[in-house]
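I set down what I looked up, entry by entry.

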Amino acid sequence: PDGLEAIRALRPDGPRRLDCLPGAQELEDRILGAWLGRGAGCTLGVPVEGFSREEIRAAAAALGQPYPLDGYWKRLPKPTLYNSTYNGLPYRRFLQDEMIFLMPDDDLLYTLLGLLILEEHGPGFTSEDAGRAWLRYVPFACTAESHALDNLRRGLKPPETAFEDNPDGEYLGAAIRADAWGYACAGLPELAAEMAWRDARISHTRNGIYGAMYYAALIACVLATGDIRSSIRIALTEIPADCRLAAAVRETLKWCAGLRELDRVLDRIFAAHRGMHVGHTINNAAVVTAVLELESPSFDRIITRAVMAGMDTDCNGATAGSVAGAAWGASRLPERWTAPLGSIHRSYLNGLDVWDSREIAIRFTRQAMRVRTVLMDAAPARPDNPDEKEGPSRR
């Protein structure tokens with residue numbers, strides 16, 4: 001189902017909120033770590049977006065780059081891009097020696113958009129509130145988000161925006177938007193998943209929605225506990241037990257336990273999901289889960305292996321980096337990953353192109369404390385017709 005109450009009726013039992021909630025200072029450090037980890041993974045992944053494992057290995061060999069990867073790319077695997085731009089800025093700024101700030105990317109834009117939505121509307125924001133923020137701040141989008149943005153501009157409302165002329169509803173776009181809700185709901189996986197649901201239904205359906213809920217709950221748990229592996233199990237309790245995403249993640253965890261070697265597990269994942277689009281939610285979530293399960297607690301190995309696995313490398317690197325950074329906290333992240341990014345992020349949000357990374361963490365921490373104050377002892381808001389079961393008819 002797509003409706004919130006119908007999704008919840010199919011969940012396994014789980015701890016809907018955790019007892020171990022970090023204080024404001026620790027939470028700010030963890031959120032900053034998550035943001036910088038997201039930026040690092042995204043930056044490492046952009047130059048090889050869409051590459052296979054084999055193509056990434058070959059590119060590293062051709063460029064004289066260490067493999068397994070141990071740092072940012074020093075030369076572009078696609079030489080034709082040296083003189084091109086990426087979201088309006090020189091593409092070469094993704095390279096180790098060319099970086100002067102954290103480059104713009106949709107994997108970072110939607111995290112900031114979530115912050116703006118929370119600041120304007122609070123934890124009880126609705127899907128329509130989020131849709132209006134899209135119209136105000138997002139100049140262009142890709143795949144499901146592009147179709148949904150077109151539908152919003154035509155005057156459609158969520159969840160119709162996810163169905164009308166939108167063939168990409170199970171791609172991972174909603175999953176890359178999930179971090180903001182996890183950051184705001186540290187220790188509150190159920191509420192994080194609900195916020196992700198409110199946002200995801202603008203553009204996604206079924207497993208596209210579940211992927212966002214899974215990652216939001218995962219990040220919310222890691223921010224509170226620092227334990228990635230246990231957080232994966234808790235996050236699975238926020239999506240339907242028998243959906244295809246949950247089945248794929250459980251199967252991945254079983255392979256991890258039996259094979260204990262990432263490349264062998266990746267072989268199983270790619271064989272099981274052969275023919276699935278490289279931007280789909282399910283196969284990419286299986287990859288990220290395998291990396292997090294087998295490479296924790298090493299921040300370096302998590303972000304490099306998430307990218308080296310191939311497919312949607314910037315999305316997977318960003319998500320894995322966010323989870324790892326949340327577990328480590330900014331104060332413990334290796335400088336070779338954070339220092340090249342500098343303190344400034346350039347975004348392509350309309351009218352908001354320059355951001356300070358620490359200020360981002362401070363503002364998210366403020367929202368997390370607001371959520372905790374307002375909602376810890378109250379029933380979560382239900383602003384978006386949670387009884388809706390299936391959404392509008394499919395076209």
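**Entry 1: helix 16 and helix 17.** I began with this pair and found that helix 16 and helix 17 are roughly antiparallel to each other. The term applies to angles over 145 degrees, whereas angles under 35 degrees count as roughly parallel, 65 to 115 as roughly perpendicular and the rest as oblique. Helices (H or I, at least four residues) and strands (E, at least two) are DSSP runs, numbered from the N terminus. The axes of the two helices cross at roughly 165° and come within 8 Å. Axes here are lines fitted to C-alpha atoms, for helices over the stretch in contact, and angles run from 0 to 180 degrees between N-to-C directions.

I noted that helix 16 and helix 17 cross in a right-handed sense. A crossing is right-handed if the near helix is turned clockwise from the far one by less than a right angle, and left-handed if anticlockwise. From helix 16, Phe299, Ile302, Ile303, Ala306 and Val307 take part; they meet residues of helix 17 that include Thr313, Asn316, Ala320 and Trp328. Contact means heavy atoms within 4.5 Å.

**Entry 2: basis of the values.** I recorded that this is a predicted model, in which local features need pLDDT of at least 70 and side-chain atom pairs count only at pLDDT 80 or more, while totals for chains, interfaces and linings use all residues. Residues are numbered from 1 along each chain as its sequence is written, and side-chain values use heavy atoms, with hydrogens and water left out.

**Entry 3: helix 2 and helix 17.** I next examined helix 2 (residues 24-45) against helix 17 (residues 313-328): their axes are 6 Å apart and the packing angle is about 155°. Helix 2 is therefore roughly antiparallel to helix 17. The crossing of helix 2 past helix 17 is right-handed. Among the residues of helix 2 in this contact are Arg30, Gly33, Gly37 and Gly41, and among those of helix 17 are Asp314, Gly317, Gly321 and Gly325. By class I found five nonpolar, 10 polar and three charged residues in the contact of helix 2 with helix 17.

**Entry 4: helix 12 and helix 13.** For helix 12 (residues 228-236) and helix 13 (residues 244-259), the axes cross at roughly 150° and come within 11 Å. Helix 12 and helix 13 are therefore roughly antiparallel. Helix 12 passes helix 13 in a left-handed crossing. Ile232, Arg233 and Leu236 of helix 12 make the contact with Ala246, Val249, Arg250 and Leu253 of helix 13. The contact of helix 12 with helix 13 holds five nonpolar, no polar and two charged residues.

**Entry 5: cysteines.** How many disulfides does the structure hold? I found zero disulfides, a disulfide being a pair of cysteine sulfur atoms within 2.5 Å. For Cys185, the nearest cysteine sulfur is that of Cys221, 11 Å away. Cys185 is buried, at a relative accessible area of 0%. Buried means under 20% relative accessible area, exposed over 50%, and partly exposed in between (1.4 Å probe, protein chains only). For Cys256, the nearest cysteine sulfur belongs to Cys243 and is 18 Å away. Cys256 is also buried, at 3% relative accessibility.

**Entry 6: the backbone in loops.** I found a cis peptide bond between Tyr67 and Pro68, with omega about 5°. Pro68 is in the loop between helix 3 (53-63) and strand 1 (85-86). Another cis peptide bond joins Ser296 and Pro297, with omega about 5°. Pro297 is in the loop between helix 15 (281-295) and helix 16 (299-308).

Asn87, which is not a glycine, has a positive phi near 50°. Asn87 is in the loop between strand 1 and strand 2 (89-90), and is partly exposed at 28% relative accessibility. Arg206, also not a glycine, has a positive phi of about 45°. Arg206 is in the loop between helix 10 (189-200) and helix 11 (207-225).

**Entry 7: Gly187.** Is Gly187 buried or exposed? I recorded Gly187 as buried, with a relative accessible area of 0%. Gly187 is in the loop between helix 9 (179-184) and helix 10. The C-alpha atoms of Gly187 and Asp19 are separated by 7.3 Å, although the two residues are 168 residues apart along the chain. Beyond its neighbours within four places in sequence, Gly187 is in contact with Arg17, Leu18, Leu21, Ala220 and Ala224.

Conventions. Nonpolar A, V, L, I, M, F, W, Y, C, P; charged D, E, K, R; others polar.
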